[in-house]
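Trainee: I have a model open and want to learn how to read it. Can we take it feature by feature?

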Amino acid sequence: MSTTTKLELRTALGPVYRDVLPHPPRDCTADEIPVIDLSPIFSENLADRKQVAAQLRDAATNNGFFYVKNHGIPEETIARCKQQVLDFMRQPQEKKDLVDSRKYSKFFNGYLGKSKTQISRSESVDVRESFGFRYSPDLDPDHPTGVSEVSEEVRAWIRAEEFVWDGTAHLPNFKKDCIAYWGSCLTLARRLVRIFALSLDLDEDYWDDKVTHPGADGVFNYYPPRTAGETENKSVGLGSHTDLQLFTLLWQDSIGGLQILSKEGQWLKAPPIDGTLVVNIGDFMMRLCNDIYRSTVHRVTNESTAERVSMPFFFGLNFNCVEGVVPSCTSESNPPRYEPISCGNWCQMRFKMERDEFNKGEQARITAPSATVVAM
């Protein structure tokens, strides 16, 4: 009989635990992480879109991870953005530090260096470097609007900060190419959230007025080639965690390294598949659908001696929207398990908690006495 261990995960409301089987990671099967063709979501026929919604529901109630093909984001848009990520990350450290998140950001925008986060308490510090930026209405590809023109209720929750672009202006077309990819993800996410609504037996436009100025975070992850010391110490690129918002769109390069924790507690490798994005369920979606869909634990380790790049896009509701369980996911025998909360508060609570805990741990490591043994 297999003995499981408990994996501790951070959430905005405190730790939760998942069971993990004692088996090494294995390749996933097509049933465990399926590939869904998104072509029908662009059809004018509702039946076509409902067909995709049914496939999405199957995947979301299984392991909560799936690939999507024919998603509509041009390969050249992805390639240009990836090259910009590499150009940024290969700079001298002092250039990357021009957009240092801890130095310049109130809202967790900007650059975080190698080993400057630890997303999982039970694993090593994260070996990755990252660059991130948040939604700004003037960059919205669907309805660009000046920040001053949006309502005060929405404007109070805009978390974009201009320093990320000021500090990268020396890189030719950096902002243009990054925003082209981010904007394509945002357009796709707004279409995909309608399919999520159909999958939960809601009207297709149920969330349309709640994603006008959404949580839409672009993050570019860089995993340097693995060192012998990192292999020996079992260092992770990015530790075990769940994502925060409704869902995530992820482009990953050909190197591999993404693993997901199945509902049975088995680590599964999610290898790159040409022409696809990976989609996974986030914590806020899990809350809204009363645990019908579960946010899926995942982690990353670059086991290769090559650079690895991934470009996740995290999508949620307008940060000012206070939302509880949707009506189709609750009943007299299945009451809501979660109280309403705003998507913005949900995210900020976890971001702050992770940074505060890392800073506390880093300070402890700096001030800890030496463990050198002295002969008596």
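Trainee: Which element gives the most to the lining of the largest pocket?

Mentor: Helix α1, with three residues. This is a predicted model: local features need pLDDT of at least 70, side-chain atom pairs count only at pLDDT 80 or more, and totals for chains, interfaces and linings use all residues. Residues are numbered from 1 along each chain as its sequence is written, and side-chain values use heavy atoms, with hydrogens and water left out. Helices (H or I, at least four residues) and strands (E, at least two) are DSSP runs, numbered from the N terminus.

Trainee: How is a pocket found, and what volume does the largest pocket have?

Mentor: Rolling a probe the size of a water molecule over the atoms shows where empty space is left. Here a 1 Å grid covers the protein atoms alone; a pocket is an open set of points where a 1.4 Å probe fits, with protein on both sides within 12 Å along at least five of seven lines, and lining residues have an atom within 4 Å of a point. Points are joined across faces, edges and corners, and the volume is the space filled by probe spheres set on them. The largest pocket comes to about 270 Å³. It has 18 lining residues, and R18, L261, S262, K263 and R294 are the closest to its centre. β2 (16-20) and α1 (46-62) each supply at least two lining residues.

Trainee: Which residues touch the most other members of the largest nonpolar core?

Mentor: F131, F196, W207 and F247, in a core of 80 residues. Such a core is a set of buried Ala, Val, Leu, Ile, Met, Phe, Trp, Tyr and Cys residues joined through side-chain atoms within 4.5 Å. Buried means under 20% relative accessible area, exposed over 50%, partly exposed in between (1.4 Å probe, protein chains only). Helix α7 (residues 174-199) gives this core its largest share, 15 residues. A second, separate core has 14 residues, including F65, L250, A270 and V300.
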